[in-house]
Amino acid sequence: MPGSIFLFHFLDILELKAVQNFINQTWTERYNTEISTQVLTLLWSTIVSIFTLGGLVGASVGGTLAIRFGRKGTLLFNNTFALLAALFMGLSYPSSTFELLIIGRFLTGVNAGIGICVQPLYIGEIAPRALRGAMAMGTSIFITGGILTGQVIGLNELLGKEEYWPILLSTICIPAVMQLLILPWFPESPRYLLIDRGDDVACNKGTAWFNNYKEDMERERVSAIGIKPKKPWELFTDTSLRWQLLTLFVIHTSQQLNGINAIYFYADYVFTQAGIPADKIPYATVGTGACECITALTCGLLIESLGRRALIIGGYSLMSVCCVCFTIALTFQESSPWVPYLSMICVFAFILSFGLGPGGVTNILTTELFTQTNRPAAYMIGGSINWIAFFFIGMIFPFIVNGLKQYCFLVFLVICCLVATYIFFVVPETKNKTFLEIQSEFYSKKKLIAANGTEGPLLSTPM
């Protein structure tokens with residue numbers, strides 16, 4: 001299956017000291033003077049943040065590429081960015097050119113942005129209805145697997161030593177090469193071939209390969225006759241998609257603003273307070289990655305039995321409880337020897353709750369809330385929202401922490417509670433339903449609101 005985003009989190013384990021030493025050395029050799037602290041900080045910040053800009057660019061064009069070149073074709077083409085990024089970052093050290101790091105980091109972001117947009121789109125369309133949720137969990141499993149693999153390979157015993165960082169960054173080419181070897185053997189999305197291309201012969205071959213329900217596709221094709229795939233801005237002018245778009249905004253924004261980044265930020269401090277030696281903390285950090293990966297796998301096993309609503313509402317509810325407990329634990333961190341261990345439990349519990357709900361279900365809902373002609377544009381919007389929120393939290397988070405300290409988790413508590421409440425009242429269960437059935441539920445609720453003459457909360461549907 002597509003796995004181009006499997007290792008993109010490797011770039012999140014860039015060794016600060018090693019790369020800054022390289023920049024300083026290169027600057028000295030080039031200009032015969034020491035680099036100033038301000039310029040060094042600016043270059044380092046650019047290397048780190050350019051990944052987010054690349055991700056936003058990738059997410060903004062991913063849907064358009066998926067319409068023009070197909071889902072499979074876009075995923076194959078996307079590997080070009082990963083291979084070029086690996087080449088540029090690998091050559092940065094021997095060529096003494098830190099600018100190549102910036103270019104490589106940007107291209108890696110583009111690769112990740114397109115991959116996160118198109119990969120769940122492809123998987124969601126090829127999956128049989130009864131297995132759609134479990135198969136779509138592959139995206140979260142690959143992402144968490146990438147985090148875990150990056151943490152392991154970044155250990156000092158492997159590629160974590162200072163002199164190995166160019167090799168570490170170049171490993172992003174591994175999943176790209178694997179995908180180029182494996183993906184060509186898989187058919188294009190039958191739903192794309194039938195509805196967007198009108199190619200019945202190729203669709204029949206793909207349907208037989210993936211064991212899809214062609215009758216569902218036929219009904220959707222009939223409903224889409226004469227309708228071209230929409231552009232992102234056209235979705236905003238379609239009043240029938242108002243609640244789907246609002247849901248898209250809520251789930252993608254909250255995925256970045258729910259506190260998961262703050263948990264990872266505080267993890268080293270918590271492990272230190274618990275008495276874990278500094279040289280052993282990277283191994284504890286590997287434990288957090290393993291925790292999230294295991295939870296993604298667990299979510300994949302439960303999603304078809306419990307449904308999407310139960311998992312995402314339960315995930316945000318548990319995260320809310322963890323926010324309260326973690327705030328209390330950090331407040332009384334010095335009061336008793338056992339309190340730091342409570343903080344450790346909160347860290348792992350929060351990560352488990354995130355992986356069980358928001359981390360796994362968000363992309364699946366993006367697939368299921370929209371029909372074929374709207375879905376690529378929806379992924380472009382959702383992906384762009386996600387990357388903008390990622391950039392936003394990266395910019396304001398230091399100020400939140402400096403201003404509120406441990407009480408910043410009360411802000412995340414409010415966000416988690418609001419999202420859980422919104423999903424409970426607005427989002428229907430999508431398990432084992434066709435895309436047309438899901439669209440019909442939203443349309444029925446819209447008519448109910450219009451009949452009541454109110455814009456209040458929608459009635460919830462059974463879980």
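The chain folds into 21 helices and zero strands. This is a predicted model. Of its 463 residues, 54% count as buried.

Start with α16, which spans residues 308-331, and α20, which spans residues 408-426. Their axes lie 9 Å apart and pack at an angle of about 160°. Roughly antiparallel means an angle over 145 degrees. The α16 helix is therefore roughly antiparallel to α20. Their crossing is left-handed.

Which residues of α16 and α20 meet? From α16 come R309, I312, I313, Y316, S317, M319, S320, C323, V324, F326, T327 and L330. From α20 come F409, L410, F412, L413, C416, C417, V419, A420, I423 and F424. By class, this contact holds 18 nonpolar residues, three polar ones and one charged one.

Several of these names return in the largest nonpolar core, which has 64 residues. Inside that core, the residues with the most contacts are Y316, F326, F409, F412 and I423. Helix α20 is the biggest contributor, giving ten residues. In soluble globular proteins, nonpolar side chains tend to be buried together.

Take F412 as a close-up. Leaving out residues up to four places away in sequence, F412 touches L257, N258, G259, A262, C323, I393 and F397. One of these partners, C323, sits on the α16 side of the α16 and α20 contact. There is also a second, separate core of 34 residues. Its members include A86, C117, V118 and I126.

Helix α16 has another partner, α18, which runs over residues 358-368. The axes of α16 and α18 come within 9 Å and cross at roughly 140°. This crossing, too, is left-handed. On the α16 side, the contact uses R308, L311, I312, G315, Y316 and M319. On the α18 side, it uses P358, V361, I364, L365 and E368. The contact of α16 with α18 has eight nonpolar, one polar and two charged residues. Among its α16 residues, I312, Y316 and M319 also take part in the contact with α20.

Now move to another helix pair. Helix α6 covers residues 138-153, and helix α15 covers residues 281-306. Their axes come within 9 Å and cross at roughly 160°. That angle makes α6 roughly antiparallel to α15. The α6 helix passes α15 in a left-handed crossing. Helix α6 supplies S140, I141, T144, G145, I147, L148, Q151 and V152 to the contact. Helix α15 supplies T285, V286, T288, G289, A290, E292, C293, A296 and L297. What classes of residue make up the contact of α6 with α15? There are nine nonpolar, seven polar and one charged.

E125 is found in helix α4. Is E125 buried or exposed? Its relative accessibility is 0%, so E125 counts as buried. The C-alpha atoms of E125 and A136 are separated by 9.3 Å, and the two residues are eleven apart along the chain.

L87 lies in helix α3, residues 71-92. With a relative accessible area of 44%, L87 is partly exposed. L87 and L169 are 82 residues apart along the chain, yet their C-alpha atoms are separated by 9.4 Å.

Most residues other than glycine have a negative phi. N32 has a positive phi, near 60°, and is not a glycine. N32 is found in the loop between α1 (16-31) and α2 (37-69). N32 is exposed, at 70% relative accessible area.

S96 is the other case. S96 is not a glycine, but its phi is positive, at about 50°. S96 is found in the loop between α3 and α4 (99-126). Its relative accessibility is 28%, so S96 counts as partly exposed.

Terms used. Residues numbered from 1 in each chain as written. Predicted model: local features only at pLDDT ≥ 70, side-chain atom pairs only at ≥ 80, totals over all residues. Heavy atoms only, no water. Axes fitted to C-alpha atoms, helices over the stretch in contact; angles between N-to-C directions. Helix = DSSP H or I, 4+ residues; strand = E, 2+ residues; numbered from the N terminus. Parallel < 35°, antiparallel > 145°, perpendicular 65-115°, else oblique. Left-handed = near helix turned anticlockwise from the far one by under 90°. Contact = heavy atoms within 4.5 Å. Nonpolar A, V, L, I, M, F, W, Y, C, P; charged D, E, K, R; others polar. Buried < 20%, exposed > 50% of the residue type's maximum accessible area, 1.4 Å probe, protein only. Core = buried A, V, L, I, M, F, W, Y, C linked by side-chain atoms within 4.5 Å.
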